[in-house]
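Keep the picture open and try each task before you read its solution.

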Amino acid sequence: MAAAAAAAIAFSHGRRSPPRARAASPRAALSFHRGGLPAVPRRNVLSMMISTSTVLLFGPKQITLAETTGGAFREYIDTFDGYTFLYPKSWIQVRGAGADIFFRDPFVLDENLSVEISSPSSSKYETVEDLGPPEKAAEKVLKQYLTEFMSTRLGVRRESNVLSASSNVADDGRLYYEVEVNIKSYASNNELAVMPRDRVQRLEWDRRYLSVLGVENKRLYELRLQTPEQVFMEEEEDLRRVMDSFRVIKTE
C-alpha cells in the first residue's frame, strides 16, 4: 500500500519532467565488479515483488500507473495524450522540464526519459514515414538535440554522430522509428586565456541519446532516453526494454 501511495504522489499533474523500458525478451541483467562478485542493479534494491495498478484523474486527463510483475518497472499510460511506456521503478517524475512527461534516475542525474508530442494544431502526420526514411529522421533528431544543447559559453565544442537508425512494426501494428546518437561535449577550463596552449579543451560529458518515434492522432510522438555512455554499457538491457515498450494510443 505504501508503494502504491508513493507512486500516486509521484505522478501528480506535472506535464513534463528527466527517463527507462522495451518489449523485447529480457536478457540477463547481471554485471560484475572488479572483484568478480555480482553487482545488484540499484533499481532492484528498491523493487518489491508485487503487481499493482493506480488510476489518477486530472481533469480530462487520465493517467494509469501499473507495476509490472517482479517490481522492476512501472507502466505509464496516458490515455488523454495517447501513449504508454515502461520506466524503471526507482526513477522519479520531475515537473517543469518542458516535456509532456519527464522521469529521472535519482542516482544518475544525467540519465532521464521524456516524451515529446507535436502540436495538434500545427501537425497533421499520417505515418512516421512522413519524416522520410529512418536515416533522414535520424538526421533531424540529431539536429534537434544539437540545437537544444547549443551553448553560449566560449571554448565549447560538440562532436556528434548517428549510431543507428531503423524501423520496425510493433505488436500494435504501427510503424516506429528507432534512432541512436552519441554527443560529446568539450570545454576549456580557461577559455579567456590569451595563448592557445592555455585554452586546452577537455571532455566534459559523453552521452547516448535514444529516440523512438511514432505517429497517431495526427501527431508525432517521440520517446527520448538520455544516459552517459559509461552507464549505457551497464544498463543497456533496461534502456532497450524502455524503448521497446513505447506505444502510441488512439485517443477519443
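This is a predicted model: local features need pLDDT of at least 70, side-chain atom pairs count only at pLDDT 80 or more; totals for chains, interfaces and linings use all residues.

Residues are numbered from 1 along each chain as its sequence is written, and side-chain values use heavy atoms, with hydrogens and water left out.

**Exercise 1.** Work out how covered strand β6 is.

Step one: find β6 at residues 83-88; strands here are DSSP runs (E, at least two residues), helices are H or I runs of at least four, and both are numbered from the N terminus. Step two: count its buried residues (under 20% relative accessible area with a 1.4 Å probe, protein chains only), and you get six of six. Step three: check the faces. Y83, F85 and Y87 are buried on one side, and T84, L86 and P88 are buried on the other. For the whole protein of 252 residues, 47% count as buried.

**Exercise 2.** Find which strands pair with β6.

Pairing takes at least two DSSP bridges between two strands. Step one: look at β5 (residues 73-78), which runs antiparallel to β6 and is joined to β6 by six bridges. One of the bridge pairs is I77 with T84. Step two: follow the hairpin turn, where four residues separate β5 from β6 and G82 shows a positive phi of about 95 degrees. Step three: turn to β14 (residues 247-248), also antiparallel to β6, with two bridges. There, R247 is the partner of T84.

**Exercise 3.** Which residues touch the most other members of the largest nonpolar core?

Step one: gather the core, a set of buried Ala, Val, Leu, Ile, Met, Phe, Trp, Tyr and Cys residues joined through side-chain atoms within 4.5 Å. That gives 26 residues, with Y83, F85 and F246 touching the most other members. Step two: see who contributes; β5, β6 and α4 (229-245) are among the elements that each supply at least two residues. Step three: note the second, separate core of 17 residues, which includes V128 and F149.

**Exercise 4.** List what Y83 is in contact with, leaving aside neighbours within four places in sequence.

Step one: apply the contact cut-off, heavy atoms within 4.5 Å. Step two: read off the partners, including Y76 and I77. Further along the chain, they include V115, Y221, F246 and R247.

Terms used. Buried means under 20% relative accessible area, exposed over 50%, partly exposed in between (1.4 Å probe, protein chains only).
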